[in-house]
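Biologist: I am new to this structure. Could you take me through the features and show how each one is read?

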Amino acid sequence: MAAQPSGGEKPFHIISPILESLPLSKAAGTKVYMKLENVQPTGSFKIRGIGHHCQQHRVRQALPDPPLSAGGNAGMAAAYAAKKLGLPVTVVVPSTTIPATVRKLEELGAQVEVSGQVWDEANTRALELARTEGWVSIHPFDHPLVWQGHASLVWELKDSLETKPDAILLAVGGGGLLAGVVAGLHQVGWQDVPIIAAETWGAHSFHAALAAGRLVSLPDITSVAKCLGAKTVAARALECAQECQVISQVVEDMEAVQAMEQFLDDERMLVEPACGAVLALLYTGRLQRLQHEGRLRTPLSSVVVVVCGGSSIQAAQLQALKSQLGLE
């Protein structure tokens, strides 16, 4: 298995289930496997990369250990890893973070600081703290150790599936999951498997960068999918699009939230809008459209959808999103 910590320590993530979804398969017109990252200890795939990064820091860093600083949704993974390692941690989050997430972070023993309205502003504060306090900054998505940790997801797919899938569907925020999956595909010899990268309009920094052929900073994050809210993706994300076939797809907020509700009915799991963006590709027929356009093979034997997480969602929040978007 890839991304094992030095010294034989057990990784903080679990080998997540991979299950066939009959409702998603019916919607997509092909066999759909769900890689259930929403059942990870912290509720998302982030624990793979962030946990690996924290363990590697602990192995390489001379004592005493400085606090770890992280921003955004990855803060949950950093807090969990720090608790396991017996390290102090400060997590900087934007003001859009829901109170339940702040409470969970505090329950894990993290010091929480709220700064800025979007992740990028919170990250600026985290970097300032790291510089002034001598702390170690754990970046949520833009670090090779994070990508290495996320690559373990692909190794698990190879161990579980009888044949390689015809496509992998995932969400792109800052690009860390994309970079990890591409690394994993190279490691297992699956680099010809297409990746379909989902975003929502208003958090589409990867799509904008691909269109421009360079990194682009969005003026603001206007999407309800705050977990996708990096105004600029990692440079590595653009490199990944040159190394593998990466197909960018952008959906409306309304489509993402409708997919969340449909998935709750179909699979009895409540996921975040970021995951809803990926599921919307299946529910709205985007997969078949890509086949008709010749961008995906026909027929498809199977595809994998990374159910990336649900750590920051509650039933009341789903209802609020529906009201906000006029879906009631």
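Modeller: Keep in mind that this is a predicted model. Take Val-271 to begin with. Leaving aside neighbours within four places in sequence, Val-271 is in contact with Met-260, Phe-263, Gly-276, Leu-279, Val-307, Gly-309, Gly-310 and Ile-313.

Biologist: Where in the fold does Val-271 lie?

Modeller: Val-271 sits in the loop that joins helix H11 (253-267) to helix H12 (273-283).

Biologist: Is Val-271 buried or exposed?

Modeller: The cut-off for buried is under 20% relative accessible area. Val-271 has a relative accessibility of 0%, so this residue counts as buried.

Biologist: Now the whole chain. Into which domains is the chain divided?

Modeller: Domain 1 covers 18-45 + 143-325, and domain 2 covers 46-137. The C-alpha centres of the two domains lie 24 Å apart.

Biologist: How many residues of each domain are in contact with the other?

Modeller: On the domain 1 side there are 29 residues, and they are in contact with 22 residues of domain 2. Between them, the two domains bury about 2000 Å², with 57% of this on carbon and sulfur atoms. In domain 1, the residues that lose the most area to domain 2 are Thr-42, Phe-45 and Leu-145, which together account for 27% of what that side buries.

Biologist: What does the rule find in the way of salt bridges across that interface?

Modeller: The rule finds two salt bridges between domain 1 and domain 2. Glu-156 forms a salt bridge with Arg-48, where the closest N and O atoms are 2.8 Å apart. Polar contacts are a separate count: nine residue pairs between domain 1 and domain 2, both residues at pLDDT 80 or more.

Biologist: Which helices supply at least two residues each to the side of domain 1 that touches domain 2?

Modeller: They are helix H6 (144-150) and helix H7 (152-160). H6 gives the largest share of that side, five residues. By type, the residues of the side of domain 1 that touches domain 2 are eight nonpolar, 14 polar and seven charged.

Biologist: What does His-13 touch?

Modeller: Not counting residues up to four places away in sequence, His-13 touches Gln-40, Pro-41, Ile-47, Arg-48, Ser-152 and Glu-156. Arg-48 and Glu-156 are the two residues of the salt bridge described above. His-13 itself belongs to the segment before strand E1 (18-20).

Biologist: Why does His-13 count as buried?

Modeller: His-13 is buried because its relative accessible area is 11%, and the cut-off is under 20%. The C-alpha atoms of His-13 and Gln-191 are separated by 24 Å, the two residues being 178 residues apart along the chain.

Biologist: Where is Ser-152 found?

Modeller: Ser-152 is in helix H7. Its relative accessible area is 0%, so Ser-152 is buried. A polar atom of the Ser-152 side chain lies 2.7 Å from the backbone oxygen of Gly-149.

Biologist: How should I read the buried residues of a helix?

Modeller: An α-helix has 3.6 residues a turn, so residues three or four places apart point the same way. In helix H4 (residues 99-107), the buried residues are Ala-100, Thr-101, Val-102 and Leu-105.

Biologist: What covers the buried residues of H4?

Modeller: The cover includes helix H3 (74-85), strand E4 (89-93) and strand E5 (111-114). After H4 comes Gly-109, with a positive phi near 95 degrees.

Conventions
Residues are numbered from 1 along each chain as its sequence is written. This is a predicted model: local features need pLDDT of at least 70, side-chain atom pairs count only at pLDDT 80 or more; totals for chains, interfaces and linings use all residues. Side-chain values use heavy atoms; hydrogens and water are left out. Domain bounds come from an automatic or database domain assignment. Contact means heavy atoms within 4.5 Å. Buried area is the accessible area (1.4 Å probe) that two parts lose on being put together, summed over both. A salt bridge is a side-chain nitrogen of Lys or Arg within 4 Å of a carboxyl oxygen of Asp or Glu. A polar contact is a pair of N or O atoms within 3.5 Å; within protein, one must be able to donate a hydrogen and the other to accept it, and residues adjacent in sequence count only if both atoms are side-chain atoms. Helices (H or I, at least four residues) and strands (E, at least two) are DSSP runs, numbered from the N terminus. Ala, Val, Leu, Ile, Met, Phe, Trp, Tyr, Cys and Pro count as nonpolar, Asp, Glu, Lys and Arg as charged, and the others, Gly among them, as polar. Buried means under 20% relative accessible area, exposed over 50%, partly exposed in between (1.4 Å probe, protein chains only).
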